[in-house]
Amino acid sequence: MSNYIKHNDEVIFHPGYYISELMDESGLTQEDFARKLDTTPEDLSLLICGELSLSIDIAKGLAQMTGSSVNYWINLQNAYDEATTGLKPEK
C-alpha cells in the first residue's frame, strides 16, 4: 500500500506521508521517533506506509511534537478516509 492515492488527476495523502516528512526532517531514527510518539517502530512503519490509520494517541503525540492540534491530525485522517472510500489506487 502507499501513503498516497492518485485518483482523477488528484493526489490524496495519508497522514503517514506527512509523518514520514516530519521524521526525515527531525533527523531521528524510526525507532526514536516511534518512542517519542509512544508507539512501536512496526506500527509507525505501517502508519507511514498508509496501512494503519492514525490513532488519537499518536495524533496527541504529533500535536505535541509539532505545536499543532490533535484535531489537525484527526482531520487529515478523516479527509483521507472520506476521499478514499471505495477507491482503488491508479497505476
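I began with aspartate 38, which I found in the loop between α2 (30–36) and α3. Helices here are DSSP runs (H or I, at least four residues) and strands are E runs of at least two, numbered from the N terminus. The model is a predicted one, where local features need pLDDT of at least 70, side-chain atom pairs count only at pLDDT 80 or more, and totals for chains, interfaces and linings use all residues. Residues are numbered from 1 along each chain as its sequence is written, and side-chain values use heavy atoms, with hydrogens and water left out.

I looked up the backbone of aspartate 38. Its phi is positive, about 55°, although the residue is not a glycine. Aspartate 38 is exposed, with a relative accessible area of 75%. The cut-offs I used are under 20% for buried, over 50% for exposed, and partly exposed in between (1.4 Å probe, protein chains only).

Aspartate 9 was my next stop. It sits in the loop between β1 (4–7) and β2 (10–13). Aspartate 9 has a relative accessible area of 86%, so I noted it as exposed.

**Helices α1 and α3**

I then turned to the pairing of α1 (residues 15–26) with α3 (residues 41–48). Their axes come within 7 Å and cross at roughly 120°. Axes are lines fitted to C-alpha atoms, for helices over the stretch in contact, and angles run from 0 to 180 degrees between N-to-C directions. The two helices are therefore oblique to each other. On this scale, under 35 degrees is roughly parallel, over 145 roughly antiparallel, 65 to 115 roughly perpendicular, and the rest oblique.

Which residues of α1 and α3 meet? From α1 I listed Gly16, Tyr17, Ile19, Ser20 and Met23; from α3, Leu44, Leu47 and Ile48. Contact means heavy atoms within 4.5 Å. I sorted the residues of this contact into six nonpolar, two polar and no charged. Nonpolar covers Ala, Val, Leu, Ile, Met, Phe, Trp, Tyr, Cys and Pro; charged covers Asp, Glu, Lys and Arg; the others, Gly among them, are polar.

I also checked aspartate 24, which lies in α1. It counts as exposed at 57% relative accessibility. Its C-alpha is 17 Å from that of aspartate 43, 19 residues apart along the chain.

**Helices α4 and α5**

Next came α4 (residues 56–66) and α5 (residues 70–84). I noted an angle of about 130°, with the axes 8 Å apart. That makes α4 oblique to α5. On the α4 side, the contact is made by Ile56, Ala59, Lys60, Leu62, Ala63 and Thr66; on the α5 side, by Val70, Trp73 and Ile74. I counted these residues as seven nonpolar, one polar and one charged.

**Two glutamines**

Is glutamine 77 buried or exposed? It is buried, with a relative accessible area of 4%. I placed glutamine 77 in α5. It touches His14, Pro15, Ser53 and Leu54, not counting residues up to four places away in sequence.

Glutamine 64 was my last entry, and it lies in α4. At 71% relative accessibility, glutamine 64 counts as exposed.
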